[in-house]
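Colleague: I would like to learn how to read this model. Please take the features one at a time.

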Number of protein chains: 4
Amino acid sequence: MNNNSRRQTVGVVGFRGYSGAELVRILERHPGVEVVLLEHRSDSEQRVLPLGQKPPKVVPATVEAIAQEKVDLVFLATPAEVSIALAPGILQSGTRVIDLSGAYRLRDAETYSRWYKERHTAPELLAKAVYGLPEFYRERIRDARLIANPGCYPTAANLALRPLLDAQVVDRSRGIICDAKSGVTGAGRKPSLRTSFCEVTENFSAYGIVEHRHVPEVLQNSGLGEREFTFAAHLLPIERGILETIYLRTERVEKAVDLLSIYEDYYAEHPFVRLYAPGKFPDLRTVQHTNFCDIGFVFDAESQRAVIVSAEDNLGKGAAGQAVQNMNLMLGFTETEALL
Amino acid sequence: MNNNSRRQTVGVVGFRGYSGAELVRILERHPGVEVVLLEHRSDSEQRVLPLGQKPPKVVPATVEAIAQEKVDLVFLATPAEVSIALAPGILQSGTRVIDLSGAYRLRDAETYSRWYKERHTAPELLAKAVYGLPEFYRERIRDARLIANPGCYPTAANLALRPLLDAQVVDRSRGIICDAKSGVTGAGRKPSLRTSFCEVTENFSAYGIVEHRHVPEVLQNSGLGEREFTFAAHLLPIERGILETIYLRTERVEKAVDLLSIYEDYYAEHPFVRLYAPGKFPDLRTVQHTNFCDIGFVFDAESQRAVIVSAEDNLGKGAAGQAVQNMNLMLGFTETEALL
Amino acid sequence: MNNNSRRQTVGVVGFRGYSGAELVRILERHPGVEVVLLEHRSDSEQRVLPLGQKPPKVVPATVEAIAQEKVDLVFLATPAEVSIALAPGILQSGTRVIDLSGAYRLRDAETYSRWYKERHTAPELLAKAVYGLPEFYRERIRDARLIANPGCYPTAANLALRPLLDAQVVDRSRGIICDAKSGVTGAGRKPSLRTSFCEVTENFSAYGIVEHRHVPEVLQNSGLGEREFTFAAHLLPIERGILETIYLRTERVEKAVDLLSIYEDYYAEHPFVRLYAPGKFPDLRTVQHTNFCDIGFVFDAESQRAVIVSAEDNLGKGAAGQAVQNMNLMLGFTETEALL
Amino acid sequence: MNNNSRRQTVGVVGFRGYSGAELVRILERHPGVEVVLLEHRSDSEQRVLPLGQKPPKVVPATVEAIAQEKVDLVFLATPAEVSIALAPGILQSGTRVIDLSGAYRLRDAETYSRWYKERHTAPELLAKAVYGLPEFYRERIRDARLIANPGCYPTAANLALRPLLDAQVVDRSRGIICDAKSGVTGAGRKPSLRTSFCEVTENFSAYGIVEHRHVPEVLQNSGLGEREFTFAAHLLPIERGILETIYLRTERVEKAVDLLSIYEDYYAEHPFVRLYAPGKFPDLRTVQHTNFCDIGFVFDAESQRAVIVSAEDNLGKGAAGQAVQNMNLMLGFTETEALL
């Protein structure tokens, strides 16, 4: 463990976006790291700051500047196309990367181009990237050079589904439904009519039904086939938070506590998944501004129906929080540092 | 048609609640009726009114006062227990009733007491009440003495499901999922911690999963069995609107337009159900402050999966708007009067 | 009155913006007019519509098309620079214009360029334009060819101030403060970071303190000098509504009802200004979706302090509603047609 | 300093309210204290907690239990009448008290009964209580036995006004206007129609104009007379945050930086007041979830008009944050502990 040696330096590209800003906020309370802001845009917006509060130092997001600042690890909180452009150079210079975009989450370039509607220009990295969901891949993450930080929707879905799938208590032939609802920060900070205040407030809408970029991430990590998993995303008139209501039929489950036991066993060593007594559910308040994913469910034994509610902060466990959790594993810190 | 004769007099009990106030708003622009406010509470709240705007006349909600005011029809926008107490007397005095509560929606007293957790004290009216969903029961509504105005959730669900069930293109063995989200007016106007601003804003929560009073209303009108229909209600941080995302598997459907044709045929003569091209959906903006129920869907032929989005204003087609639609049928007005 | 002859044709440029869309909504329920949508942009956004609802007819916003459609009156719900470009040609072709922008509200080109930061290219129209506040200029409006529809903030301020100023009961030497708060539709529909959902929700901010384009409109219509009137605008996390809290010192006022009498006399013949008993105030609910401006106040006789609350819907009396009120006067309809 | 000795024990009465819950959240990250929850109600609400998360220990809010738990200091986050009932006994038993209600903020019982509409039953404590605004009374706070934690509105107003009043640059004869806007948590957690979601969302309203309990707190700490200070409170449709726009006329001020210098000198040693360059303002985002009060202003030299914007989190510097700041001074911790 290098906890005691010098503080490590981490860089953040995309620090003005919602995920990037959340990342900086979390890292600022982390005792083991120093943050360098890396600028990849030319049009920098000026924030009004109180007097005496000096704007943070910003250096260009170039391989040279990253080397000069002795950055140990770079977070890319950038759109997929920017991450595809930036990651190869940074990695080659020997610096590790945690990418929060979808650029490196899918294992092959073809699947990527099908869902992201463009050719992947760094396909060789897809095999090397480690999917950064610590509850599934903790050991591989420790030594990874490139982490594909999971999507917000797949994190909540995979954490709810995989324990039951691994325990083989899901009747996959009946299909699994994931009805997902997300706050607006999930759509990014770039102004658009779709995320304008007057279009969102007092409204609610469905989008990305069945077809959504996050679907293949769920399939890839759960082993489900495309027709076994139905997904629909909805936009909530709130800032942050994702709540997914998941419907499935079980097999060979006698009572609710049997399902609970499966979850409890699976997450016994994982502090960021919290469980609820059968019939009790988290709401978004319980997870906002945290790195938790909270899971509750109801179960009807006679019909073998289970309805699972999985909730997280899309900027926390769904993005920046999880990225810091990955960083903690990679740099040898306690997994929960700065996250509890 | 008595449209041309004298204006008819209608009374509203519960005019301070959200449904009742909406009812008064709609009725005020109806050329054929005069509204009388009927007070059933002793603790009347005082509204601040502009000068010169005289407070509406309020008379007690008694059989005597109703007779004296020559009320032709009474709307009960009251809790179920109040409706159970008031309806019998009003009906006996010869006045027709549209009840917006759940008091008379279920056909037998036993089912009522199972879901409403109390004994029904006017069970003889259950057989006489007509379920006020004009798209299904238009003719029976015209002559009804007592209308059970449908619940907000069941209206959106039944309108989306019944055409497909009647056309026998639903694989009922695979189960139907209804993931419903409602604005806060659906919970009524009585102050409670659950509906307090600071508990609701920026939050989102599931409640009434599987077990919800509105489930038997869907079963009764769709013919579905209890284990074939899974329902979950969620609370949106908005004032008004319901959006339901419904998941089912079809049988023998070749393409999306076949589903669309079923809907188009079913609702050809029904102006308040609007349909969308396959792959397009309504959001709540399209239905707020209207009496429309808007239905859109996606369909995947290979897997026979259909995802249907059904949206309405819970105070419009989900309550007061539908009540006026029923009144129009009962009193011989054009069905759309005051509603377009 | 030409109410009974043919329906008149009115055109709307800028019908996709919030004011323009509200205008179309109001005009659709107006029995005396037919609406033509006039397109001035090349990048037209496609709305999802229910099947069977045909998209409204749209013609180009050219003098030729306007003539061909026999448009009697054109509403310009466009930015000031677009209105400056379009109005001269339309007027020359003989069609009357109601402009909702700030282009023609100020009497001289110099004041315009000071506050709008650009030269006015149609200064000859400034003298011809009639300021469209019917409560002050009703007669002149009837015959106007070009109406400068007032700004949202000035409407609420002028309606609250002018009766007291005309009655000479304001101690102008003590200064008048107008603390104004507006919903986000007031900022227009063009996407911007400032009006993005995540920047506005759960936030509140001041902007345009002392310096605001709407200040000269208040001065011009009230006779106040620049240093006698202090204005501050704030952005509310809501869609629509303006509430202004106005602070002033009176002279020679003995009691609250004396102030009330001044208002009552002034607005006796004006149905869209509603008054409240001293000590009572409107909130935004009372004016949203209406053409009312509601005015309440408290008065402390000993200190001669008056605090006035003036509330309106910024899209109603603050824009589209008032524009229709002006149109009613210009085309000979009842002043309140489609507005009550 | 007793920082290094044993951790001190602090009790919180009213921990379910918004201020009390915020207090517990802040104290939980304070390394020097241990929190004991003190129950003063019989009807305890049950929160849904994740499994494994044990509910915090709760003991009765009695003098005996407080003594037994060796509580060094008790926070009363209770209504004024409860604080009046509880404080005397706790103080007599030797435990120090920080009261967040208005019970002990005014210096004499008569003023209290005028504004709070009831007789003060522990008037002897009014003279002993220290007003807990550390920026003004830091030294007296250190040794106080009973702290009257300031009201949310007065904190923002006093911090903005006193430096200018002390520097004698305010023309008091012209009057000072404070237009205050607050989030809904300021109204407490008890359910009421006024704070119900559907009444507050998309609305904005004025209340407590001129007459508001918080006025005498401003007068008492600023030396202003009742007619020199005009106050109006408004309810924002947000959870937390207060923004006050303050209007005054200065005397003998040449330029904006002169005003700034007065503030800078006054708050040089006070980390929780942040200042902005003239013409720049804080919004609520900059202060939410912090203990800062941020102050910005514009100044017009010619007319000597100053408009000041003072912003804070009503639960932070306006309540719980300030209470912890006071505790830090009383118990010998660094003033900023747990607050930065």
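Modeller: Start with the domains of chain A: the centres of domain 1 of chain A and domain 2 of chain A, taken over C-alpha atoms, are 25 Å apart. The bounds come from an automatic or database domain assignment, which gives 8-150 + 318-330 for domain 1 and 153-314 for domain 2 of chain A. This is a predicted model, in which local features need pLDDT of at least 70, side-chain atom pairs count only at pLDDT 80 or more, and totals for chains, interfaces and linings use all residues. Residues are numbered from 1 along each chain as its sequence is written, while chains are lettered from A and ligands numbered from 1 in the order in which they are written.

Colleague: How many residues of domain 1 of chain A are in contact with domain 2 of chain A?

Modeller: A contact means that two C-beta atoms, placed from the backbone, lie within 7 Å. Here 20 residues of domain 1 of chain A touch 23 residues of domain 2 of chain A. Helix 11 of chain A gives the most to the domain 1 side, with five residues; helices (H or I, at least four residues) and strands (E, at least two) are DSSP runs, numbered from the N terminus.

Colleague: In what order do the seven strands of the open sheet in chain A run?

Modeller: Strands of a sheet pair through backbone hydrogen bonds, either parallel or antiparallel. Two strands count as paired if DSSP finds at least two bridges between them. In chain A the order is 3-2-1-4-5-7-6, with parallel pairing. Strand 3 (58-60) and strand 6 (130-131) of chain A are at the edges with a single partner strand each, so one side of each has no neighbour in the sheet. Strand 4 (residues 73-76) and strand 5 (residues 96-99) of chain A pair over four bridges, and A:Val74 is opposite A:Val97.

Colleague: How is chain D related to chain C?

Modeller: Copies are superposed by least squares on the C-alpha atoms of residues with pLDDT of at least 70 in both. A rotation of 180 degrees with 0.0 Å of shift along its axis places chain D on chain C, at RMSD 0.0 Å. The two copies are therefore related as by a two-fold rotation axis. In chain D, the C-alpha of D:Arg174 is nearest the axis, at 3.1 Å.
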